[in-house]
Amino acid sequence: MTTVQLYDTTLRDGMQGQGMSLSAAEKVRVVRALDRLGIHFIEAGFPSSNPKEEELFELLGSVELSSASVCAFGMTRRRGIAAEEDDALRTLVSSFAPVCTLVGKTWGLHLEKVTRVTREENVAMIVDSVNFCRANGKRVVYDAEHFFDAWDDDSGYALECLRAAVAAGAENVTLCDTNGATLPAEVAHATTTVVAELGERVQVGIHTHNDAECGVANSLAAVEAGARMVQGTMNGIGERCGNANLVSILPALELKLGYEIVGRDRVRLLTETSHFVDELLNMTPDADQPYVGRNAFAHKGGMHVAGVQSDARTFEHLDPDLVGNSRDVLISELSGKGSVLSRAERAGIELDADAAKRAVERVKEREHRGYHYEAADASFELMLRREAGQYSSLFRLESFRVITEKRADGRVETEATIKIWVEGRRYVRTAEGNGPVNALDRALRAAITDLHPHLSDIELTDYKVRILDSHDGTGAITRVLLDSSDGHDSWGSIGVSENIIEASWEALVDSLEYAFQPKHAAGSTQHAAART
Ligand SMILES: [Zn+2]
């Protein structure tokens with residue numbers, strides 16, 4: 001079987017899209033989820049002096065991945081200086097990432113009009129930069145920006161640039177359709193020629209954008225023409241109309257075209273991983289998304305349903321189970337018992353058949369009320385623990401009260417008072433905060449850290465609110481997603497209510513209770529994996 005590798009650029013190119021933002025801890029969770037799915041290369045971003053990127057590379061340096069290689073992204077050296085004098089390149093090679101992805105020019109017209117670099121100097125920039133990374137022990141992927149425009153303009157020079165990268169030691173040259181304008185036949189033609197010229201010596205990759213809505217089609221055409229690495233993003237997120245969507249490319253290559261990508265077992269994590277990334281970005285998963293959408297295998301028409309019942313192949317392009325989706329997903333993406341059991345196993349929780357059945361019912365019922373557990377692993381695990389009888393509660397609430405006061409001078413003050421019982425003792429604590437959730441968090445921590453001091457190390461790293469459509473004639477519902485970290489692991493929790501304070505409280509309590517649960521010694525590594 002022919003192997004094709006996947007290269008995910010969600011955390012770099014994907015983050016160029018409108019409204020995309022993830023904290024460093026959240027990016028680490030994405031990296032873990034992609035690694036579990038079997039993605040071969042994960043581009044983390046530009047290592048730079050920007051504190052957020054610095055923190056990300058520092059965190060990633062200590063994350064153990066099962067199969068993925070982390071890539072650091074950078075540009076070829078600036079003109080007129082040596083590679084070792086280029087600060088950005090120096091920062092690039094000093095990161096822990098084993099792979100450096102260098103983007104460079106291949107288009108003569110672009111060189112003349114935009115960058116004003118001669119063709120010879122551009123080739124020297126490519127050679128020096130690849131050499132420099134190789135000399136520093138890095139593997140190199142060379143991204144040829146605007147490759148298809150370059151090919152149209154002067155294919156000889158475009159090839160010369162690729163050859164220079166290969167000669168200097170790049171293990172991959174990736175053909176980028178940076179403007180997203182190219183159509184499948186052109187991609188296939190250019191790729192075929194490049195593979196014929198260079199394919200013996202180097203892996204050829206494809207990186208496409210979706211401006212002509214051909215991101216996926218172009219990627220598949222390139223693979224059929226001999227490309228052996230595909231770059232793209234989860235759910236196709238990215239600048240303008242997005243990048244090539246790996247969520248559609250993976251099953252097409254593995255299940256329809258018969259390439260060896262991540263293995264059939266891991267393809268089953270596709271739906272879960274796709275929704276996880278959406279939820280973390282605070283986006284509603286697209287119900288009509290191919291393969292993973294909740295409508296992708298939903299059959300409404302009577303004749304269709306009858307057809308599916310007699311033989312699913314009559315109305316389904318593949319078995320939904322293969323991509324971790326299911327036919328009866330109208331209520332819940334996670335309604336399958338298999339998926340509940342596999343998540344329990346990853347968390348080190350033993351569920352008997354009855355408990356699994358109850359958990360599935362509970363997920364259905366709660367998802368109907370607006371809970372979505374893809375990014376709320378902590379809340380999901382707590383729910384499983386309750387069903388399995390392996391749950392111990394951190395405290396018992398007597399009451400809380402939050403007061404927000406706005407003064408004539410414009411100042412806003414918030415104060416929370418909380419009354420709880422911990423191990424038979426009553427604690428009453430009051431705290432101020434910059435808002436109601438912050439004040440509640442402080443009061444709660446003040447009350448419990450007496451007995452559980454380690455819980456004071458937990459930091460709330462992100463707080464996201466989404467207003468959900470009203471259900472069954474009730475008012476609008478508020479959903480809160482909270483991300484927490486103890487500096488080593490991070491996890492997500494969820495709360496849903498018509499009242500934003502109540503929703504926040506629920507997520508807050510889940511976050512702390514999760515950290516409080518006894519960890520299973522035997523399952524501790526699985527446990528870390530479950531928090532992705
Ligand atoms: Zn791109």
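Let's start at a helix end. N245 caps the N-terminal end of α9. One of its side-chain oxygens lies 2.9 Å from the backbone nitrogen of V247. Keep in mind that this is a predicted model.

Now the helix itself. Helix α9 covers residues 246–256. How many of its eleven residues are buried? Ten of them are, so α9 is largely enclosed by the rest of the structure. Buried here means under 20% relative accessible area.

Just after α9 comes G258, with a positive phi of about 80 degrees.

Next, the sheet. Three strands make an open sheet, ordered β9-β10-β11, with antiparallel pairing. Which strands sit at the edges? They are β9, residues 396–406, and β11, residues 425–433. Each of these edge strands pairs on one side only. From one strand to the next, the twist averages 10 degrees.

Look at β10, residues 412–422. Nine bridges join β10 to β11, and the two run antiparallel. To find your place on screen, pick A416, which stands opposite A431 in β11.

To recap: α9 has ten of its eleven residues buried, and β9, β10 and β11 form an open antiparallel sheet.

Key:
Residues are numbered from 1 along each chain as its sequence is written. This is a predicted model: local features need pLDDT of at least 70, side-chain atom pairs count only at pLDDT 80 or more; totals for chains, interfaces and linings use all residues. Side-chain values use heavy atoms; hydrogens and water are left out. Two strands pair if DSSP finds at least two bridges between them. Helices (H or I, at least four residues) and strands (E, at least two) are DSSP runs, numbered from the N terminus. Axes are lines fitted to C-alpha atoms, for helices over the stretch in contact, and angles run from 0 to 180 degrees between N-to-C directions. Buried means under 20% relative accessible area, exposed over 50%, partly exposed in between (1.4 Å probe, protein chains only). A polar contact is a pair of N or O atoms within 3.5 Å; within protein, one must be able to donate a hydrogen and the other to accept it, and residues adjacent in sequence count only if both atoms are side-chain atoms.
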